[in-house]
Every structure is written in C-alpha cells, then in structure tokens.
Amino acid sequence: MSPERAVRPGRPPHTPLRPTWCCRTDGQPWPCGEARLVLRAEYEHNPTGLSVYLAGLMYEAMRDLYHLNPYDAPAPQALFARFLAWTRPRHHPPPTRRSCSCGR
C-alpha cells in the first residue's frame, strides 16, 4: 500500500506531505492517528508486511528530514516510535489460575 492509499471513503486522505512528513489533512507528524487506523485495518492479516512497509518509509523520512535540517531532525528513537513501535502486536497476559476454595 502506498501512503496515498491511507484513505477512508468519504474522508480526506491522511497522506504524508514530503519532505516534511506531516499529514496533508491534519498537519500532524505522519503517520497520524487516522493514517495508523487505516494502515492497521489494511494490514490486519499481515502485520509483518506493515512493519516492513513502514520501515522503508521510515528510511525515506530519515533521509528527507536529515537532508532538510541535519542539526534539528528527529532522533532515530523518535522516528522508530513514530513509524514502527505502534505496529507491535499487543500481548495480553495469560489468564491467571485461580486457587480452589475447596481446600485442595
């Protein structure tokens, strides 16, 4: 999926404005909240594909942002959090065993 496809029917697209990597619709750092929802839905059955796709875009964003302003670009950790950290599956702890009140 290209960033241009981060669209919901009837709504303006939440796509990146390059080279600043801000959302064209809401001005937030891309991927904004709405773009994340669309991407998560599109890659619902392929979370690895989503991570690979966003890793490539993160590389492009790093190149663009560091080229624009090498002294004030976002830290690599911030870009990782912005592009990839949110894609990790949420793990739920296993259910805890209840102790039996019958004395066993």
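Predicted model: local features only at pLDDT ≥ 70, side-chain atom pairs only at ≥ 80, totals over all residues.
The chain contains three helices and two strands. Read from the N terminus, these elements follow one another in the order β-β-α-α-α. Of the 104 residues in the chain, 30% are buried. Among the contacts in the chain with a separation of 6 or more, 50% are between residues 24 or more positions apart.

Strand 1 comprises residues 16-17 and strand 2 comprises residues 22-23, and P19 is found in the loop between them. The peptide bond joining R18 and P19 is cis, with an omega of about 10°. W21 is also placed in the loop between strand 1 and strand 2. This residue is not a glycine, yet its phi is positive, at about 60°. W21 counts as buried, because its relative accessibility is 0% and the cut-off for burial is under 20%. A further cis peptide bond runs from W30 to P31, where omega is near 5°. P31 belongs to the loop between strand 2 and helix 1. As background to these features, most residues other than glycine have a negative phi, and most peptide bonds are trans.

Helix 1 spans residues 33-42. Its buried residues are E34, A35, V38 and L39. Viewed down the axis of helix 1, these buried residues fall within an arc of 130°, and they therefore line one face of the helix. Helix 2 is included in what covers the buried residues of helix 1.

P47 lies in helix 2. With a relative accessible area of 44%, P47 is partly exposed, because this class lies between the limits of 20% for buried and 50% for exposed. P47 and T87 are separated by 40 residues in sequence, while their C-alpha atoms are 7.3 Å apart in space.

The pair formed by helix 2 and helix 3 calls for the convention given at the outset. The crossing in which helix 2 passes helix 3 is right-handed. On the side of helix 2, the contact is made by L54, L57, M58, A61, M62, L65 and Y66, and on the side of helix 3 by P76, L79, F80, R82 and F83. Sorted by class, the residues in this contact are 11 nonpolar and one charged, with no polar residues.

Within helix 3, the buried residues are L79, R82 and F83. They cover an arc of only 80° around the axis, so they are on the same side of helix 3. What covers these buried residues of helix 3 includes both helix 1 and helix 2.

Conventions: Residues numbered from 1 in each chain as written. Heavy atoms only, no water. Left-handed = near helix turned anticlockwise from the far one by under 90°. Helix = DSSP H or I, 4+ residues; strand = E, 2+ residues; numbered from the N terminus. Contact = heavy atoms within 4.5 Å. Nonpolar A, V, L, I, M, F, W, Y, C, P; charged D, E, K, R; others polar. Buried < 20%, exposed > 50% of the residue type's maximum accessible area, 1.4 Å probe, protein only. Arc of directions from axis to C-beta.
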